Amino acid sequence: LPSPCRVPALPVKNLNGTGPVHPALAGMTGILMCAAGLPVCLTRAPKPILHPPPVSKSDIKPVPGVNGICRKTKKKHLKKSKEPPVPRWRAESRGVTSPSHPSTRARQDCTICMERLVTSSGYEGVLSHRGIKPELVGKLGKCGHMYHLLCLLAMYNNGNKDGSLQCPTCKAIYGEKTGTQPPGKMEFHLIPHSLPGYTDSKTIRIVYDIPTGIQGPEHPNPGKKFTARGFPRHCYLPDNEKGRKVSVPHGTGWGGMGWDGMGWDGMGWKCNPVVWNEIHHKTEFGSNLTGHGYPDPNYLDNVLAELLAQGVSEATL
């Protein structure tokens with residue numbers, strides 16, 4: 001009988017780093033690969049580089065063009081305004097005129113209730129407001145899009161009720177839009193290391209720190225506990241013109257920290273976790289294995305567009 005085939009020794013490690021690969025698994029892998037005429041080589045998967053090399057306190061500098069190195073949000077800053085009557089809100093924002101010309105209305109739908117503008121609002125009988133008849137139509141001043149006034153009121157009531165209104169068609173914002181981020185602290189500073197793709201620039205590091213707490217009246221589920229896993233979170237931007245443009249609204253608007261109703265946190269279902277909302281962040285410092293790092297040549301342009309869509313004006317940037 002021919003001598004039994006010897007299983008080649010494989011110098012591999014367990015991918016989770018706890019010890020050698022089981023001999024039976026290594027043997028079966030060697031037999032299958034050798035039988036197919038392929039080289040046998042098992043390697044450890046690369047790990048993302050989440051953080052920069054250590055930085056001393058003396059090397060940390062303020063971000064050019066940004067006052068201070070810390071921002072805080074408190075409950076008094078997040079207090080939800082009372083629901084304003086539509087006529088008063090309309091006068092304050094100077095954004096809505098009414099009514100529109102009937103010949104124009106006859107050819108258009110209200111994209112909120114999907115009814116013709118020449119008919120009554122789809123919210124007739126569901127929502128009422130003194131002085132607003134269901135057939136009244138308003139035209140937004142900056143963008144010119146038209147809706148039933150009752151539909152605009154319904155959209156406002158379903159939002160943050162912060163005194164602002166955003167056109168559902170083109171996202172133009174009337175008034176001053178605010179977020180629903182929970183109380184916490186955010187630090188931002190310059191570190192003497194470069195991101196992949198930006199070797200000629202230092203790095204802006206933004207650190208978000210939000211503790212677990214109880215939701216306030218401006219949040220989705222007032223009085224209920226919210227979870228804040230994974231904090232403090234570190235995010236990175238190149239210290240160039242576009243990077244500093246992005247860092248300024250991050251510092252004043254908290255970079256789109258928002259809410260999700262339910263979320264999987266890796267350990268089990270938790271109610272109301274704090275998540276990134278609307279604005280994408282880069283949390284990988286020296287790699288891009290998860291898609292949240294560099295190099296990414298389109299990232300800064302994309303995030304600037306996201307900020308503009310959330311009401312951060314060119315003047316602010």
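Predicted model: local features only at pLDDT ≥ 70, side-chain atom pairs only at ≥ 80, totals over all residues.

Visitor: How many disulfides does the structure hold?

Guide: A disulfide is a covalent bond between the sulfur atoms of two cysteines. Here there are zero disulfides.

Visitor: Now the rings. How many aromatic pairs are there?

Guide: A pair of aromatic rings is described by the distance of the centres and the angle of the planes. The count here is three aromatic pairs. Take Tyr198 and Tyr294: with centres 5.9 Å apart and planes at 85 degrees, the pair is edge-to-face.

Visitor: Which parts of the chain does the pair of Tyr198 and Tyr294 tie together?

Guide: Tyr198 sits in the loop between β7 and β8, and Tyr294 in the loop between β15 and α6, so parts 96 residues apart in sequence are tied together. Tyr198 is buried, at 17% relative accessible area, and Tyr294 is buried as well, at 0%.

Visitor: What about Tyr236 and Phe285?

Guide: They form an edge-to-face pair, 5.2 Å centre to centre with 70 degrees between the planes. Tyr236 belongs to strand β11 and Phe285 to the loop between β15 and α6, 49 residues apart.

Visitor: Which lysine lies over the face of Tyr294?

Guide: That is Lys282, at 5.9 Å from the ring centre. Tyr294 is also part of one aromatic cluster with Tyr198 and Tyr299.

Note on methods:
Residues numbered from 1 in each chain as written. Heavy atoms only, no water. Disulfide = S-S within 2.5 Å. Phe/Tyr/Trp six-rings, centres within 6.5 Å; stacked < 30°, edge-to-face > 60°. Helix = DSSP H or I, 4+ residues; strand = E, 2+ residues; numbered from the N terminus. Buried < 20%, exposed > 50% of the residue type's maximum accessible area, 1.4 Å probe, protein only. Lys NZ or Arg CZ within 6 Å of the ring centre and 35° of its normal.
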